[in-house]
Amino acid sequence: MENDVITRVLEAFKRLPGVGERTARRFLFYLLERDRAVLSDLAQALRELETRVVQCSVCHLIDVSSPCHICSAQNREPIICVVSSSREAYAIESTGTYKGKYHVLGGLINPVEGITPEDLFINDLKKRIESEGIQEVIIALPSNTEGEITAHYVANALKETGVKISILARGLSYGADLEYTDPLTLERALNYRVPYGEK
Ligand SMILES: [Zn+2]
């Protein structure tokens, strides 16, 4: 099969979110016919990504080092933003205004799908409050049912630490996915965060 590798690349592209047959073919032929430099960079970068990507042992962010570049930075404020996935942390990071740290839960509590608090990184968040001298925890979870159940659980779990707990301001529409929220709205939701429970 001569074009086996072409089929494999096409199939791989099609497995990416939002990419169908046509887009996959456009990507492929762009790389093959128009821009071989991009092809070479992409091949190299993907290979490197595959070998280097790790999950931070402190905050569980996907990065190329553990502790990640944020946990190992010296100038981060003693604030933790709690998100469900790394994608959301990177979305907040892209606003450029947040200078605190993150904690990636690795999902949301979902009784229907059998995802319990024990499946998430909640216990070590509690430990971080003390060990890192954290002064505030910002809950930045989706405003859907699972997000609200999880926020409630996290806030309860942190109660005894006495840490200040806040939540993103409204402005994010119901069920809005943080990563698709425009940076300005996200920035505003962060800046106008409110104490948890008063929302
Ligand atoms: Zn980290």
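Trainee: How far apart do the C-alpha centres of domain 1 and domain 2 lie?

Mentor: Domain bounds come from an automatic or database domain assignment, and here that assignment divides the protein chain into domain 1 (4-50) and domain 2 (76-195). The C-alpha centres of these two domains lie 34 Å apart, and the C-alpha atoms of the protein chain fill a box of roughly 65 × 35 × 35 Å, taken along the principal axes. Please keep in mind that this is a predicted model, in which local features need pLDDT of at least 70 and side-chain atom pairs count only at pLDDT 80 or more, while totals for chains, interfaces and linings use all residues. Residues are numbered from 1 along each chain as its sequence is written.

Trainee: Which helices and strands make up the secondary structure, and how many are there?

Mentor: Helices (H or I, at least four residues) and strands (E, at least two) are DSSP runs, numbered from the N terminus. The protein chain has seven helices and seven strands, and from the N terminus on the elements run α-α-α-β-β-β-α-β-α-β-α-β-α-β.

Trainee: What is the order of the strands in the open sheet?

Mentor: Strands of a sheet pair through backbone hydrogen bonds, either parallel or antiparallel, and two strands are counted as paired if DSSP finds at least two bridges between them. In this model an open sheet of five strands has the order E4-E3-E5-E6-E7, with mixed pairing. Its edge strands, each pairing on one side only, are E4 (101-104) and E7 (194-195).

Trainee: In which sense does E3 pair with E4, and over how many bridges?

Mentor: Strand E3 (residues 79-83) pairs with E4 in the parallel sense over four bridges; Ile 80 has Lys 101 as its bridge partner in E4, and Val 82 has His 103. E3 and E5 also pair in the parallel sense over four bridges, with Ile 79 opposite Glu 136 and Val 82 opposite Ile 139. E5 and E6 pair in the parallel sense over four bridges too, and there Glu 136 stands opposite Lys 164.

Trainee: Which units do E3, H4 and E4 make, and what handedness is given to them?

Mentor: A crossover is right-handed if, with the strands pointing away from the viewer, the path from the first strand over the helix to the second runs clockwise. E3, H4 and E4 make a right-handed β-α-β unit, as do E5, H6 and E6.

Trainee: Is E3 mostly covered or mostly exposed, and how many of its residues are buried?

Mentor: A residue is buried if 20 or more other C-beta atoms lie within 10 Å of its own, exposed if 12 or fewer, and partly exposed in between, with C-beta atoms placed from the backbone. E3 is mostly covered, with four of its five residues buried, whereas buried residues make up 25% of the 199 residues in the protein chain.

Trainee: Which residues have the most contacts inside the largest nonpolar core?

Mentor: In soluble globular proteins, nonpolar side chains tend to be buried together. A nonpolar core is a set of buried Ala, Val, Leu, Ile, Met, Phe, Trp, Tyr and Cys residues joined through C-beta atoms within 7 Å. The largest one has 37 residues, and those with the most contacts inside it include Cys 81, Val 82 and Val 137. The largest share of this core, four residues, comes from E3.

Trainee: Which residues does Val 82 touch?

Mentor: Two residues are in contact if their C-beta atoms, placed from the backbone, lie within 7 Å. Not counting residues up to four places away in sequence, Val 82 touches several residues, among them His 103, Leu 125, Ile 139 and Val 154.
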